[in-house]
Amino acid sequence: MEKEILFSHLEEHREEIFAWGKLFFQTAELGFQEYSTAAQITALLDQWQIPYEKNIAMTGIRATLGREGYHIAFVSDMDALPRQSGIGNVHSCGHSIQTVLALSLLKVLKETKLAEETGCRISFFFTPAEEFIDFAFRDKLIAQGKLRYRSGKQNMIAQGCFDDVDCVLSAHANGEQDTLFDIQSTLTGFLAKKAVFLGKSAHSGAAPHLGRNALHGAILCQNAFAFLKEHFPPEAGLRLHPVLTEQSGTVNIIPDRVVLETYLRANDTDTLMKAAAEADNCVRHCAAALGLECEIETAPGYLPLRQSSALNAIVRENILLHCKKEDLLENVVSGASGDIGDLSFLLPTIQMGFSGIEGQFHHDAFAIRDQENCYLRTAKVLLGVCFDLMTEPKLRLYPEKFSEKKAQWQKIMAQTPISSPIE
Ligand SMILES: [Zn+2]
Ligand SMILES: [Zn+2]
């Protein structure tokens, strides 16, 4: 079989694919509530007689072609964002395009039986809740035991959905206007820290010496956080912006409780973990220096996206079958984050970027401008990558130390409130 056969099958479905594009763009649902999106996906899978598992992490779906052998995962997000107007939702991150790409690949690979004929497997993961929002709703689901974490992929990882996967392919829209694709871009990782400084209230004029001012601890700690940035090189991308979110006391009462919160962001997981530990030290020691107590809570966010350069070399070749070198951007450093970062921590992963949208991301005016690039050209690149991985065993990437990394990931995710009384 030649790669071109895949492309001609795709071309036969051109109008159908554009119709799905409109349908899924209009079906904009928030994370863990993508019920109509999921129903539309499973209706097509039923029609094509493709086996699948549904209701994974609420609304997620996994559909597999092939029975054994090298196992590729194609991951596509399902969720949308609330409109700024407050009424309804909108696919302003372009996740509906990913759903359509997955369906297009599924349709072509089913028709051509590529996975079966090469003795490979490809699983399509339709993943809920990529946008890190709506915490009250998600935390309620966690409290009810329906979820463990706030994001779709994190729950699917925890449930073992990716345990037998060899590599991960994904694609996300980018905001570029002058190029068609990007590869090897980064996404930043982040986590949230909440530091509670606990002192003793007293009359601020008559007897401040009888109190212990919690605000002083928070101010000292803000300075320590600022100095901490010097411990990391610029390329580590460490960002830390603490804000005071709660404070007791009045002008004549020494505050006994002050809460300082910050996101920590970094371009790599080692920096993120090292900075998190150093930030804890700042809190503990600043509190101790002033005779205060403190409590630290850490909430996991997403890990940085570290793409597999070997996999991206294959993506690059396939992109250049469809466009010129000038149409391809490489090594873009992005301040955005995604739960694809968590997968990239565990498995060889890529997320190629494709252009063809207009308006800004996460804005109501987001629209799909270039259907040809978003759907067809991107699908051809991805089909080409699948073809290469399935037909040329020497190109295949395999996970390294998966169980060790998964244990490490679970540890990162399990960061629970640490109470740190000072002796
Ligand atoms: Zn987004
Ligand atoms: Zn997105």
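The questions and answers below go through the zinc site, the domains, the pockets and the cavities of this structure.

This is a predicted model, in which local features need pLDDT of at least 70 and side-chain atom pairs count only at pLDDT 80 or more, while totals for chains, interfaces and linings use all residues. Residues are numbered from 1 along each chain as its sequence is written, chains are lettered from A and ligands numbered from 1 in the order in which they are written, and side-chain values use heavy atoms, with hydrogens and water left out.

Visitor: Which residues coordinate the zinc ion (ligand 2)?
Guide: Donors are N, O and S atoms within 2.8 Å of the metal (3.2 Å for Na, K and Ca), and water is not among the atoms, so sites may look incomplete. Along the chain the donors of this ion follow the spacing C-x1-H-x76-H. At 2.1 to 2.3 Å, the zinc ion (ligand 2) is coordinated by C93 (SG), H95 (NE2) and H172 (NE2).

Visitor: Which residue bridges the zinc ion (ligand 2) and the zinc ion (ligand 1)?
Guide: The two zinc ions, ligand 2 and ligand 1, lie 3.3 Å apart. The residue that bridges them is C93.

Visitor: Are C93 and H95 buried or exposed?
Guide: Buried means under 20% relative accessible area and exposed over 50%, with partly exposed in between (1.4 Å probe, protein chains only). By that criterion, both C93 and H95 are buried.

Visitor: What volume does the largest pocket have?
Guide: On a 1 Å grid over the protein atoms alone, a cavity is a set of points where a 1.4 Å probe fits but cannot get out, and a pocket is an open set with protein on both sides within 12 Å along at least five of seven lines; lining residues have an atom within 4 Å of a point. Grid points are joined across faces, edges and corners, and a volume is the space filled by probe spheres set on the points. The largest pocket is lined by 38 residues, with H172, L187, S334, A336 and S337 nearest its centre. Its volume is about 730 Å³.

Visitor: Which domains each give at least three residues to the lining of the second largest pocket?
Guide: The second largest pocket, with a volume of about 610 Å³, is lined by 26 residues, of which R150, A192, T298, A299 and P300 lie nearest its centre. At least three residues of this lining come from each of domain 1 and domain 2.

Visitor: How many cavities of 30 Å³ or more does the structure hold?
Guide: The largest cavity has a volume of about 50 Å³, and its lining includes F190, L272 and I412. About 40 Å³ of space lies in the second largest cavity, where K193, F225 and D280 are among the lining residues. Counted at 30 Å³ or more, the cavities number two.

Notes:
Domain bounds come from an automatic or database domain assignment.
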